[in-house]
Amino acid sequence: MASGGNTLIFSRRRRKPVPSAGSCPYAAGAPAPAAPTPEPPAPAPDLTDRQQAERFIRQFHDEQPGAGACDSRLREVLAEIDRTGTYAHTGDELAFGARLAWRNAARCIGRLYWRSLVVRDLRHVTSADDIAAACFAHLRLAGNDGRIRPVVSVFAPDRPGRPGPRIVNDQLVRYAGHRTPDGASIGDPRSASLTAYARELGWKRDEEPFQVLPLMVREHPGERPEWYELPDDSVREVPLTHPEHAWFAELGLRWYAVPAISDMTLEIGGVRYPAAPFNGWYMGTEIGARNLADAERYDLLPLVADRLGLDRSTERTLWRDRALVELNLAVLHSYQEAGVTMADHHTESRRFLRHIAQESRHGRTTPADWSWIVPPVSGSATPVFHRYYDPVDPALRPAFLPRT
């Protein structure tokens, strides 16, 4: 990280200072991203689908009674598609579409708050320097002195013959993963490919377990990305301690406050926004039961079990389960002590059922992927375990989609 919140951020390729940006749904268990590699020139984006555009405009006007005449706006949109191959959303349409994408996110347990999503319309921001600065501003806005706000920052869309920018990182904040010659790993193994790519671009740092990666931005697909150190004041980290075991602090563990997903495409009414980083806030199990506990991540359960004095000679002692609970307790305790928003899986499960009830009162279904909604700790002790959900429709739009 840069040494000091007021330090200018530099692209290591151009040595040009980044101008400061003005103040203008959860995925920690996602599959590991593919190794980023230099891209061939991107094909021209397809023309916008007229039917998708019409469905979205009608839904916008159905759910926003004060939006004015639907037929008039629809004629404008279809005429623009005929003339240019796509169309531009109004600010209100963009905000509504982004919130609907969160509401439609079948893998997210935190959708009760979809209406509160702060939507930053940054379609006019096009240079890599300015996109990076806007992403740092996103983290500051979302961090909100610990009271995490759900935020999405929407950059330029793909247009026929003119692809939009891309953010290479899968999250705006992510810890590096370094492979050692003997096959071991320092840091987060999930980030090994991303770390190797950053080093190929010129980023060089000492190998540390919790080392924030630079942000990498492709202004034009097919081009070599620019990379940027994250300013200290944009990344809040929480040191992990335990409410009962003082030795836990000696492990030197920490995690960041804002989980901002940055490698998905936001699709609204047939228009695709390939750079649209978004965040909610963490549920404790995302860190305590996955990021720090998974064998292919930080793999801390054996270490925690040994420090607890647990018998690891047989699985029948349930040493993994007992260490897992204590690790999750430490995460929840630490974020509370730091004043950083975090949900526990029991509370968030009840909130999700409230969301389903609210949607039902509006005559809407709530598609949900059971395997993602049920928490990875004490699943059967939460109310979301004991029920079925509306089936997931892969064609449901608006949506956050894996980027192709």
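At roughly what angle do the axes of helix H7 and helix H8 cross? Before the answer, the ground rules. This is a predicted model, in which local features need pLDDT of at least 70 and side-chain atom pairs count only at pLDDT 80 or more, while totals for chains, interfaces and linings use all residues. Residues are numbered from 1 along each chain as its sequence is written, and side-chain values use heavy atoms, with hydrogens and water left out. Helices (H or I, at least four residues) and strands (E, at least two) are DSSP runs, numbered from the N terminus.

Now the answer. The axes of H7 (residues 301-308) and H8 (residues 319-338) cross at roughly 90 degrees and come within 9 Å. Axes here are lines fitted to C-alpha atoms, for helices over the stretch in contact, and angles run from 0 to 180 degrees between N-to-C directions. The angle makes H7 roughly perpendicular to H8; the classes are under 35 degrees for roughly parallel, over 145 for roughly antiparallel, 65 to 115 for roughly perpendicular, and oblique for the rest. Contact means heavy atoms within 4.5 Å. On the H7 side the contact is made by Leu301, Pro302, Val304, Ala305 and Leu308, and on the H8 side by Trp319, Arg320, Ala323, Leu324, Glu326 and Leu327. By class that is 9 nonpolar, no polar and 2 charged residues. Ala, Val, Leu, Ile, Met, Phe, Trp, Tyr, Cys and Pro count as nonpolar, Asp, Glu, Lys and Arg as charged, and the others, Gly among them, as polar.

The next helix pair is H1 (residues 50-63) and H2 (residues 70-84), with axes that come within 10 Å and cross at roughly 155 degrees. H1 is therefore roughly antiparallel to H2. From H1, the residues in the contact include Ala53, Ile57 and His61; from H2, they include Leu74, Val77 and Ile81. This contact has 7 nonpolar, 1 polar and 6 charged residues.

Which strands stand at its edges? The sheet is open, with 4 strands in the order E1-E2-E13-E10 and mixed pairing. Strands E1 (118-121) and E10 (260-261) are at the edges, each with a single partner strand, so one side of each has no neighbour in the sheet. Helix H3 (residues 91-103) packs on the sheet, touching E1 and strand E2 (151-154), and its direction makes about 135 degrees with that of E1. Two strands pair if DSSP finds at least two bridges between them. E1 and E2 run parallel and are joined by 4 bridges, with Arg120 opposite Ser153 in E2. E10 pairs with E13 (residues 278-279) in the antiparallel sense over 2 bridges, and the partner of Ile261 in E13 is Phe278.

Burial next: buried means under 20% relative accessible area, exposed over 50%, partly exposed in between (1.4 Å probe, protein chains only). E2 is covered on both faces, with Val151 and Ser153 buried on one side and Val152 and Val154 on the other. In helix H6 (residues 284-291), 7 of its 8 residues are buried. Their cover includes strand E9 (254-256), H8 and helix H9 (345-361).

Last, two single residues. Arg103, in H3, is buried at 6% relative accessible area. Among the residues Arg103 touches are Glu63, Trp114 and Glu359. Glu76, in H2, is partly exposed at 45% relative accessibility.

Conventions. Lists of a residue's contacts leave out its neighbours within four places in sequence.
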